[in-house]
Amino acid sequence: MIQMNPRERKLAIGLAVGVGVWVAWTFAVKPMQERIQTLERILPEKQTQVQALQETGREYIALDNKFKDLRTRLSSQDPAFQLPTFLETMIDRHKLAGHATTTVGAVQPQPDYSESVVTIEMQDVTLKQLLDFLAAVQTPKAVVQIGSLYIRKDPTNDALLDSTIAIHNPRLTGPSTQ
């Protein structure tokens, strides 16, 4: 063993303590401080992303609930409901028979889903007549949706309108899948 006098022993112990402090600082304290600074910088960004993701999740759940509600309404509508007959009745009830012509079509984009589409051309109607008709078309008996509505001023009389309305009646035709 090496003989050291008290001064050399204190110097060696001081040097060992200094090296130990430097090693602890280099491998423990400094990386932790850098990690804390990184976390302080990144956490607000990630919290914003989490909030956006939560909002997107809420929107998805709301859309999923609306889709389920629509499927429930589609499956519960009267199977005997016929859109062309219903619209002819509404046209007669609103005294628009001389002003309206209808075209009937059907679409089946999926095996368990079909849609009746009726296009109504209206000539020389007032805005009130058109709005009353559109309000009456929305019925709780069935799912009836206005797919498109084009309104033009009548070229001969500014108080009258010409319009083209596409009205849809979606149906589930097979077993419901979700």
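Student: Which residues lie nearest the centre of the largest pocket?
Tutor: Good place to start! This is a predicted model, with residues numbered from 1 along each chain as its sequence is written; local features need pLDDT of at least 70, and side-chain atom pairs count only at pLDDT 80 or more, while totals for chains, interfaces and linings use all residues. Side-chain values rest on heavy atoms, with hydrogens and water left out. On a 1 Å grid over the protein atoms alone, a pocket is an open set of points where a 1.4 Å probe fits, with protein on both sides within 12 Å along at least five of seven lines, and lining residues have an atom within 4 Å of a point; of the eleven lining residues here, those nearest the centre are Phe67, Arg71, Leu74, Tyr113 and Leu172.

Student: How much space lies in the largest pocket?
Tutor: Rolling a probe the size of a water molecule over the atoms shows where empty space is left. Grid points are joined across faces, edges and corners, and the volume is the space filled by probe spheres set on the points. For the largest pocket, that comes to about 150 Å³.

Student: Which element gives the largest share of the lining of the largest pocket?
Tutor: Helices (DSSP runs of H or I, at least four residues) and strands (runs of E, at least two) are numbered from the N terminus. Both α1 (6-76) and β4 (161-172) supply at least two lining residues. The largest share, four residues, comes from α1.

Student: By class, how many residues of that lining are nonpolar, polar and charged?
Tutor: Here Ala, Val, Leu, Ile, Met, Phe, Trp, Tyr, Cys and Pro count as nonpolar, Asp, Glu, Lys and Arg as charged, and the others, Gly among them, as polar. Sorted this way, the lining has six nonpolar, three polar and two charged residues.

Student: Which side chain makes a polar contact with that of Asn169?
Tutor: Asn169 sits in strand β4 and is buried at 0% relative accessibility. At 3.3 Å, the side chain that makes one with Asn169 is that of Arg171.

Student: And which side chain does a polar contact join to that of His168?
Tutor: His168 also belongs to strand β4, and at 18% relative accessible area it is buried. Beyond four places in sequence, it touches Leu83, Val117 and Gly147, among others. The polar contact spans 2.4 Å, and the partner is Glu115.

Student: What separation do the C-alpha atoms of Asp154 and Val21 have?
Tutor: Asp154 is in the loop between β3 (145-153) and β4, and at 6% relative accessibility it is buried. Its side chain makes a polar contact of 2.4 Å with that of Thr156. Val21 is 133 residues away along the chain, and the two C-alpha atoms are separated by 91 Å.

Student: Lys95 is not a glycine, so what is its phi?
Tutor: Lys95 is found in the loop between α2 and β1, and it is exposed, with 68% relative accessible area. Its phi is positive, at about 55 degrees.

Student: Where is Asp124 placed?
Tutor: Asp124, too, has a positive phi, near 55 degrees, without being a glycine. At 31% relative accessible area, Asp124 is partly exposed. Its place is in strand β2 (residues 113-125).

Notes: Buried < 20%, exposed > 50% of the residue type's maximum accessible area, 1.4 Å probe, protein only. Polar contact = N/O pair within 3.5 Å; in protein donor to acceptor, adjacent residues only side chain to side chain. Contact = heavy atoms within 4.5 Å.
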